[in-house]
Amino acid sequence: LVYVDDLNAFSYPVDVVINGNITGEYMDYKPYFENQKFLLGPSYNLIRDEFKNLPKRIGNQEVKRILITTGGADPFHMTEKLIDVIRNVDLFNKVELHIIVGSSFQNKDEIKRRQKQYENIVLYENVKKISSVMLDCDIAFSSCGSTLYELCACGVPVLGFIVADNQVLIAEKLNAFGYIKNLGWYHTLSKENLISALKEMVDNFEFRSRMAKKQQALIDGRGTERVVDQITKLMREKEGVLCE
């Protein structure tokens, strides 16, 4: 019995606990019974196969494309807010904005109105291979959910914002180790802070290059393989005990 977790709410009565977040190794899991197996940290991140064997990131000196993604939904309308902020700064008028529109977005009409209002906005719905979109962008604004690990696999420097309680520690740890730039809670972000953070990222190519290199070293896309290997090994061990 395998349990995929990110809360450590109590000791789980299972054979294997998986927490592929960067926080997994810091959550002080207590075993329910002896020999319970814990697969913790980004090495066991259950990322999709499309994020395996990606090319090493060679970033552009000039930022030409900015990705905006909030995951499957955007309940706080961050997509529109970010579009408005970026598009009202002359410095970024020519930068393309690539927007991922999730399946549960309730604000599609507002986003599409902005696509007509501003130039150089590309929308993606029902994306079959999101890694291709990520690899094509120079910087990303992203909520601090599982998408962060996908962006890390692609080596896309991230300006992350928090939209849920279970994202706080993840954002703090990834920021502390230099994998993302954590902007904090979505509702505390001012226009001035967003512009300042974006300018800092755009103007510092060396910073972006270092971040991309660290990101791809963190997530190699083989977490699922490692999990399968560990579970298979455990099953064989149990079969051996039963046979004896």
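Helices (H or I, at least four residues) and strands (E, at least two) are taken here as DSSP runs, numbered from the N terminus. By that rule R114 sits in helix α2, which covers residues 108-117. The model is a predicted one, so local features need pLDDT of at least 70 and side-chain atom pairs count only at pLDDT 80 or more, while totals for chains, interfaces and linings use all residues. Residue numbers start from 1 along each chain as its sequence is written, and side-chain values use heavy atoms, with hydrogens and water left out.

Start with the sheet. Six strands make up an open sheet with parallel pairing, in the order β6-β5-β4-β7-β8-β9; two strands are called paired if DSSP finds at least two bridges between them. At the edges are β6 (121-125) and β9 (181-185), each of which pairs on one side only. Neighbouring strands here are turned by 15° against each other on average, direction ignored. For angles in general, axes are lines fitted to C-alpha atoms (for helices, over the stretch in contact), and the values run from 0 to 180 degrees between N-to-C directions.

On one side, β7 (residues 139-143) pairs with β4 (residues 65-69) in the parallel sense over four bridges. Within that pairing, L67 stands opposite A140, and T69 has S142 as its bridge partner. The pairing of β7 with β8 is also parallel and runs over four bridges, with A140 opposite V158 of β8. As for cover, five of the five residues in β7 are buried, where buried means under 20% relative accessible area, exposed means over 50%, and partly exposed is in between (1.4 Å probe, protein chains only). Both faces of β7 are covered: I139, F141 and S143 are buried on one side, and A140 and S142 on the other.

Helix α5 (residues 168-176) lies across β8 (158-162) and β9, and runs at about 150° to β9. Helix α6 (residues 191-203) packs on the sheet too, touching β4, β7, β8 and β9, and its direction makes about 140° with that of β7. Contact, here and below, means heavy atoms within 4.5 Å. Between β8 and α5 there is a loop that holds Q167. With 9% relative accessibility, Q167 counts as buried. Leaving out neighbours within four places in sequence, Q167 is in contact with S143, C144, G145, F161 and I162.

Helix α6 also packs against other helices. Helix α1 (residues 78-87) meets α6 at an angle of about 70°, and their axes are 10 Å apart. The two helices are therefore roughly perpendicular to each other; on this scale, angles under 35 degrees count as roughly parallel, over 145 as roughly antiparallel, 65 to 115 as roughly perpendicular and the rest as oblique. From α1, the residues L82, V85 and I86 meet K191, L194, I195 and L198 of α6. By class, this contact has six nonpolar residues, no polar ones and one charged. For these classes, Ala, Val, Leu, Ile, Met, Phe, Trp, Tyr, Cys and Pro count as nonpolar, Asp, Glu, Lys and Arg as charged, and the others, Gly among them, as polar.

Helix α7 (residues 205-218) is another partner of α6: their axes come within 5 Å and cross at roughly 85°. So α6 and α7 are roughly perpendicular to each other as well. Here M201, V202 and D203 of α6 meet F205, F207, R208 and M211 of α7. That contact divides into five nonpolar, no polar and two charged residues.

Back at α1, eight of its 10 residues are buried, namely M78, T79, E80, L82, I83, V85, I86 and R87. Not counting residues up to four places away in sequence, R114 touches E80, I83, D84 and I121.

Finally, R236 is found in helix α8 (residues 223-243). R236 is exposed, with a relative accessible area of 60%. From C-alpha to C-alpha, R236 and K94 are 58 Å apart in space, and they are 142 residues apart in sequence.
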